[in-house]
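Here is a short briefing on one protein chain. Look over the sequence and the structure first, then read on.

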Amino acid sequence: MTEETPGFDEKPDVPSGASADDAEPKAASPSEEEAAAPAGDVQQTAALTAQLDQVRTALNERTGDLQRLQAEYQNYRRRVERDRVQVKEVAVAGLLSELLPVLDDVGRAREHGELVGGFKSVAESLETVVAKLGLQQFGKEGEPFDPTIHEALMHSYAPDVTETTCVAILQPGYRIGERTIRPARVAVAEPQPGATPGAAKEEKSDDEESGGTEEV
């Protein structure tokens with residue numbers, strides 16, 4: 001009697017009450033680490049996004065600081081340039097103010113015909129230099145009196161003016177740009193009280209016509 005060796009065709013023993021399907025090996029179910037992997041990726045992405053937002057916020061803040069610093073620097077440069085120009089104007093004005101009496105002497109000498117020879121050359125050179133420094137002379141006879149640029153030293157009434165008028169320039173005024181170094185010193189005339197210039201001119205004209213008739 002030969003002993004039978006179980007072959008590969010024999011099915012494994014199945015416990016009682018179990019089905020045949022239970023005897024088949026089941027596919028491996030995903031482990032807990034594999035199930036948690038997608039959740040970990042989401043958390044990592046959220047963390048990177050938050051970190052990126054922080055970096056962007058910090059970059060915007062630094063950019064704003066840089067822009068404010070640049071604006072302050074530009075304002076500082078403008079203030080320095082404005083102050084430099086003002087200091088220069090004050091220094092030039094102070095120097096030219098000391099030369100005004102000399103220019104007055106030159107003007108009087110010219111009016112009296114004494115500006116001749118070497119003195120004339122020196123005077124003209126001086127006037128050229130002060131003109132290059134920006135000194136401008138102002139004040140003319142017949143212009144309306146302006147207290148901001150004129151200084152009235154003499155006062156009178158005249159029937160042929162309609163407003164307070166500069167009738168004589170005693171000393172010319174000088175300015176540098178918009179800065180007045182010295183106001184023009186003038187003699188002014190105001191309209192005659194109780195008389196209108198138009199009536200005075202008409203009366204004068206009538207007198208001239210009647211005088212011409214009498215002569216004929």
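A nonpolar core is a set of buried Ala, Val, Leu, Ile, Met, Phe, Trp, Tyr and Cys residues joined through side-chain atoms within 4.5 Å. The model is predicted. In it, the largest nonpolar core has ten residues.

**Nonpolar core**

- The ten residues of the largest core are Val 92, Ala 93, Leu 96, Leu 100, Leu 103, Val 130, Leu 135, Tyr 174, Ile 176 and Ile 181.
- Helix H2 and strand E4 (173–176) each supply at least two residues of this core.
- The largest share, five residues, comes from H2.
- Helix H2 spans residues 32–111.

**Sheet E1-E4-E5**

- Strands of a sheet pair through backbone hydrogen bonds, either parallel or antiparallel.
- Three strands make an open sheet in the order E1-E4-E5, and the pairing is antiparallel.
- Strand E1 (135–138) and strand E5 (179–182) are the edges, each pairing on one side only.
- From one strand to the next, the twist averages 35°.
- E1 and E4 run antiparallel and are joined by four bridges.
- Leu 135 stands opposite Ile 176 in E4.
- Leu 135 and Ile 176 are also members of the largest nonpolar core.

**Sheet E2-E6-E3**

- Another open sheet has three strands in the order E2-E6-E3, with mixed pairing.
- Its edge strands are E2 (150–158) and E3 (165–171), and each of them pairs on one side only.
- Neighbouring strands here are turned by 25° against each other on average, direction ignored.
- Eight bridges join E2 to strand E6 (residues 184–191), and these two strands run parallel.
- Glu 151 has Arg 185 in E6 as its bridge partner.
- Ser 156 is placed in strand E2.
- Ser 156 has a relative accessibility of 32%, so it counts as partly exposed.
- Ser 156 and Val 167 are eleven residues apart along the chain, and their C-alpha atoms are separated by 9.4 Å.

**Salt bridges: the count and a buried pair**

- A salt bridge here needs a side-chain nitrogen of Lys or Arg within 4 Å of a carboxyl oxygen of Asp or Glu.
- By this rule the count is nine salt bridges.
- Asp 104 and Arg 182 form one of them, with the closest N and O atoms 2.8 Å apart.
- This pair links distant parts of the chain: Asp 104 is in helix H2, Arg 182 is in strand E5, and 78 residues separate them.
- Are these two residues buried or exposed? Asp 104 is buried, and Arg 182 is buried as well.

- Arg 108 forms a salt bridge with Asp 105, and their closest N and O atoms are 2.4 Å apart.
- Both residues lie in helix H2, three residues apart, so about one helical turn separates them.
- Arg 108 is partly exposed, at 40% relative accessibility.
- Asp 105 is partly exposed too, at 43% relative accessibility.

- The side chains of Glu 151 and Arg 185 meet in a salt bridge of 3.4 Å, N to O.
- Glu 151 lies in strand E2 and Arg 185 in strand E6, so the pair ties together parts that are 34 residues apart in sequence.
- Glu 151 is partly exposed, with a relative accessible area of 32%.
- Arg 185 counts as partly exposed, at 26% relative accessibility.

**Surface patch**

- Tyr 73, Tyr 76 and Val 80 make a nonpolar surface patch of about 320 Å².
- Tyr 73 lies in helix H2.
- Patch residues need over 30% relative accessible area and no salt bridge.
- Tyr 73 is partly exposed, with a relative accessible area of 46%.

Conventions
Residues numbered from 1 in each chain as written. Predicted model: local features only at pLDDT ≥ 70, side-chain atom pairs only at ≥ 80, totals over all residues. Heavy atoms only, no water. Patch = residues over 30% accessible without salt bridge, like charges linked within 9 Å, V, L, I, M, F, W, Y side chains within 5 Å. Areas by Shrake-Rupley, 256 points an atom, 1.4 Å probe, with all protein chains shown as cover. Buried < 20%, exposed > 50% of the residue type's maximum accessible area, 1.4 Å probe, protein only. Pairing = 2+ DSSP bridges. Axes fitted to C-alpha atoms, helices over the stretch in contact; angles between N-to-C directions.
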